[in-house]
Amino acid sequence: MNATPGHAPVKSIMPNWVRNPQEFVGGIALMAIAVFALWASSDLQGMRGFSFGAGTAPRMFGFLLLGLGALITVVGVVTEGPHLAKYHWRGPFFVTIAILTFAFTIRPMGMIFAAMAAFLIAACGSPETRWKETLIVAVCLTTFCSLLFPYALGLPLQLLPTFMIR
Amino acid sequence: MGDIFTNLGLGFGVVFQFVQWTPAFLGGISIPIPVNILLCLIGALVGTLVGVLPGIGTIATVAMLLPITFGLPPVGALIMLAGIYYGAQYGGSTTSILVNIPGEAGSVVTALDGFQMAKRGRAGPALAIAAIGSFFAGCVATVLIALLGAPLTRIALAFGPAEYFSLMVLGLIFAVVLAKGSVLKAIAMIVLGLLLSMVGSDIETGASRMAFNIPELADGLGFATLAMGLFGFAEIIRNLDAGGETDRKLVQEKVSGLMPTRRDLKETTPAILRGTVLGSILGILPGGGAVIASFAAYTLEKKVAKDPSKFGHGEIRGVAAPESANNAAAQTSFIPLLTLGIPPNAVMALMVGAMTIHGIVPGPQVMQKQPDLVWGMIASMWVGNLMLLIINLPLVGIWVRLLRVPYRLMFPSIVVFCCIGIYSVNNAPTDVMIAGAFGLVGYWLIKHDFEPAPLLLGMVLGPLMEENLRRALLISRGDWSVFLTRPLSAVLMAIAAALLILAVLPSLRKKRDEVFVESEN
């Protein structure tokens, strides 16, 4: 929900006593999520007599996660483990942009445009992309999907941009 | 006994149902079409097609293909999904034999000996024995489901909320113990899943929980959305990291001589039998399902073999046993889902998601109220296995060609396909964005060695667990000891506690890790 993978994989940041950075950071992130969930459910009603309120279960699991996160963090200090894995920005970045582009264009522009755009942007995520074949495959896939989803499967998808339909 | 035959008869009746199709262009002539058989066939084919693509596991395949079944009637949709599941599994073993890239965790061990066989020009017999073993295991598992279905349902109907809650706790603990990796981290993932399942409106009071007044979150996080993000998008991003084009050495020799020799068959028969038994047992247990079954079967074969040194160098028994085991387990894992309504692993969790979308609440009631659905699905499993045997062997050539599709073309296609699929569930662009966010979360989880599968399980079981916990405590007037004073519940809780203690004991942990380490040597 809010677990953005924002922790920079810079090894030098980690103090020496953290012997298993992967677990350490993972545990801290879980604790952060737990605190966030506890904060988010703090306005909900708790126990009413012996019956559960809306907030009881979220709080229960929130505290449980907080405890587990703390345990994992401790494990990260007392055990030996691998360094933080290296993150690459290119793949995640372009795939995310492609997904967002699809989400923002599907309503106003229709499926054909959204699918083509998302395909071409996602393709930027790999350094091996060759544009000629990518274009051909993009056209083929878009055609296939425009036949499969609205026609073969009967799902109500709008193919063309809204301004062209009017 | 008679019951079973009646039930299976009903099931096969559903599968072989013909629907009259009267197209306008034929001028009123109607053609009978075996709809469910066709759906099973399409499911198995599409499942294999996607499962063959390297880097896409079974869970990702089923998640990706979920939306295409939404338009179908419930029985057809579930039959097709089951077909997709077996197809994906079979596709996974094909890639591990031919390219040494296991498409899914369950076929990691198949790659050990399967790929060695392929290198020696024996890819044909390896594929054939995998298919034959799977088919045999599938037959046995189908009968087992039919045998256990009715009695287990009767037990389940006697369960109260306290028993249900304890059973789910036991199931989750099993999932943790039988899974790979750290027990602590797996539990944390389950709890995170449980927390995520709380987003949306509360079942009893209707209060909005952790939704921040975002209308799209009011109904909770979509299950298919989350699964596609965590498994579809995250896998793509991870594969891009690893460099999609590396080590994809395809076996270039032509796959010829499909049939195994008489000696192969004689050697593998006991292995298939052992694999089937082991797989069936492990499949019923909640947790690992197919994955642990194939690892355990391989380890067992190595233990009982006269000359264990042959394993890892193209020993046909090393293909037969795990393949039979993983298929048997894949199928018997339907038992807890259909009888108790509790998904034992992530794929079954997806099945629950699919059933809920069709308005079916899995559990013992389904078996009674919609017997055609349950038995139709069980019968379709057998038919699906038969189809895999018939379709896949002749089509191996096509699957091999698919393997040559470069990743640089494949991954944008998967991204687009997933986007359209997620969007089509609710026609909601926000769902696509949420899935994208979970793709990043999944990537981060993989990087920190957290398994996303338990998260999915927690997410599905969350509402069920909360509901039963609340009811149990309401009935007991807030007395928490109810879980220990009701005998059945106490037994379940005791087993759960014992398992958890065993799992953290160093000696057993070493044993468990040994089973999984097999693949890395």
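Where does B:Glu315 lie in chain B? In this predicted model, B:Glu315 sits in the loop between α11 (290–304) and α12 of chain B. From there the tour goes on to B:Arg317 in α12(B), the packing of α10(B) against α12(B), helix α2 of chain B and a quick look at chain A.

- B:Glu315 has a relative accessibility of 4%, so it counts as buried, given that the cut-off for buried is under 20%.
- Setting aside neighbours within four places in sequence, B:Glu315 is in contact with B:Asp113, B:Met117, B:Glu267 and B:Lys310.

**B:Arg317 in α12(B)**
- B:Arg317 belongs to helix α12 of chain B, which covers residues 317–332.
- With 17% relative accessibility, B:Arg317 is also on the buried side.
- Not counting residues up to four places away in sequence, B:Arg317 touches B:Glu267, B:Thr268, B:Ala271, B:Glu301, B:Ala305, B:Phe311 and B:Pro322.
- B:Glu267 turns up in both contact lists, touching B:Glu315 as well as B:Arg317.

**How α10(B) and α12(B) pack**
- Helix α10 of chain B (residues 262–284) packs on α12(B) at an angle of about 30°, and their axes are 7 Å apart.
- That angle makes α10(B) roughly parallel to α12(B), since anything under 35 degrees counts that way.
- As for handedness, α10(B) and α12(B) cross in a right-handed sense.
- Sorted by class, the contact of α10(B) with α12(B) has 8 nonpolar, 8 polar and 2 charged residues.
- On the α10(B) side, the residues that meet α12(B) include B:Glu267, B:Thr268, B:Ala271, B:Gly275, B:Gly279 and B:Gly283.
- On the α12(B) side, B:Arg317, B:Ala320, B:Ala321, B:Ser324 and B:Ala328 are among them.

**Helix α2 of chain B**
- The 18 residues of α2(B) (residues 35–52) should span 26 Å at 1.5 Å a residue, and the end C-alpha atoms are 25 Å apart, so the two values agree.
- The buried residues of α2(B) include B:Asn36, B:Ile37, B:Leu39, B:Cys40, B:Gly43, B:Ala44 and B:Gly47.
- Further along α2(B), B:Thr48, B:Val50, B:Gly51 and B:Val52 are buried too.

**Chain A at a glance**
- Of its 166 residues, 45% count as buried in chain A.
- Among contacts in chain A with a separation of 6 or more, 62% come from residues 24 or more positions apart.

Methods
Residues numbered from 1 in each chain as written. Chains lettered and ligands numbered in written order. Predicted model: local features only at pLDDT ≥ 70, side-chain atom pairs only at ≥ 80, totals over all residues. Heavy atoms only, no water. Helix = DSSP H or I, 4+ residues; strand = E, 2+ residues; numbered from the N terminus. Buried < 20%, exposed > 50% of the residue type's maximum accessible area, 1.4 Å probe, protein only. Contact = heavy atoms within 4.5 Å. Axes fitted to C-alpha atoms, helices over the stretch in contact; angles between N-to-C directions. Parallel < 35°, antiparallel > 145°, perpendicular 65-115°, else oblique. Left-handed = near helix turned anticlockwise from the far one by under 90°. Nonpolar A, V, L, I, M, F, W, Y, C, P; charged D, E, K, R; others polar. Expected span 1.5 Å × (residues − 1).
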